[in-house]
Amino acid sequence: MAGTRPALPDATSASFLAEALNEANAYRAKHHAPPMEMDAKLVEYAKERASSRSEYAKLSAGHDGLRDTTGENIFWGTSTGATPKAAGDAVSAWYNEIADYNWTTPPGDFAKTGHFSQLVWKDTTRVGAARVAGQGADGFETYIVFVFETPGNYEGEYPQNVLPA
């Protein structure tokens, strides 16, 4: 299903992908999760997802249409200049959800912590990342999408997959 506006152009680069992987794996290491590998097929899927998400205002597209075997984190941001947001902006925003994570009865409020737990999910081994950016209704917009396999956030599996720092 097409969105309400044209998709923003692809802004994925080799340096963006390297930053995405390095940032994500640095946070994973804090939580005793093995490093993920950047998967070329998942990068292509992430590009499709980022493009389709940008056809809708802000984060209104949500995760509609995501395949069952894949987890997904989506970031949206704006800037006044014409420079896309960095991968680190998305990864740190997702990681900062740790403040609301309930270590006693995980995950707590999933709506507030799901990006964090997916980011550090121990059983996730592969990731794809993509970025689209361009002029939108709210200024210069950037959408960053990470797709994960094996996906995380399975009920009952948090204690063994989301480890304290």
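Student: What makes α1 roughly parallel to α3?
Tutor: The axes of α1 (residues 14-30) and α3 come within 8 Å and cross at roughly 25°. Angles under 35 degrees count as roughly parallel, over 145 as roughly antiparallel, 65 to 115 as roughly perpendicular and the rest as oblique. At roughly 25°, α1 is therefore roughly parallel to α3. An axis here is a line fitted to C-alpha atoms, for helices over the stretch in contact, with angles from 0 to 180 degrees between N-to-C directions.

Student: What kind of model is this, and how are its residues numbered?
Tutor: It's a predicted model, where local features need pLDDT of at least 70, side-chain atom pairs count only at pLDDT 80 or more, and totals for chains, interfaces and linings use all residues. Residues are numbered from 1 along each chain as its sequence is written, and side-chain values use heavy atoms, leaving out hydrogens and water.

Student: What is the handedness of the crossing of α1 and α3?
Tutor: Right-handed. A crossing gets that name if the near helix is turned clockwise from the far one by less than a right angle, and left-handed if anticlockwise.

Student: Which residues in α1 and α3 meet?
Tutor: Contact means heavy atoms within 4.5 Å. From α1 you get Phe16, Glu19, Ala20, Glu23, Ala24, Tyr27 and Lys30, and they meet Ala87, Gly88, Val91, Ser92 and Tyr95 in α3.

Student: How do the residues of that contact divide into nonpolar, polar and charged?
Tutor: Ala, Val, Leu, Ile, Met, Phe, Trp, Tyr, Cys and Pro count as nonpolar, Asp, Glu, Lys and Arg as charged, and the others, Gly among them, as polar. On that scheme the contact of α1 with α3 has seven nonpolar, two polar and three charged residues.

Student: What is the order of the strands in the open sheet?
Tutor: The order is β1-β3-β4-β2, with mixed pairing. Helices (H or I, at least four residues) and strands (E, at least two) are DSSP runs, numbered from the N terminus.

Student: What makes β1 and β2 edge strands?
Tutor: β1 (37-38) and β2 (71-79) each pair on one side only.

Student: How many bridges join β1 to β3?
Tutor: Two, and the strands run parallel. DSSP must find at least two bridges for strands to pair, so β1 and β3 (residues 126-136) qualify. Glu37 stands opposite Arg126 in β3.

Student: Which helices lie on the sheet?
Tutor: α3 (residues 87-95) lies across β2 and β4 (139-149), at about 120° to β2. α4 (residues 110-120) packs on the sheet too, touching β2 and β4.
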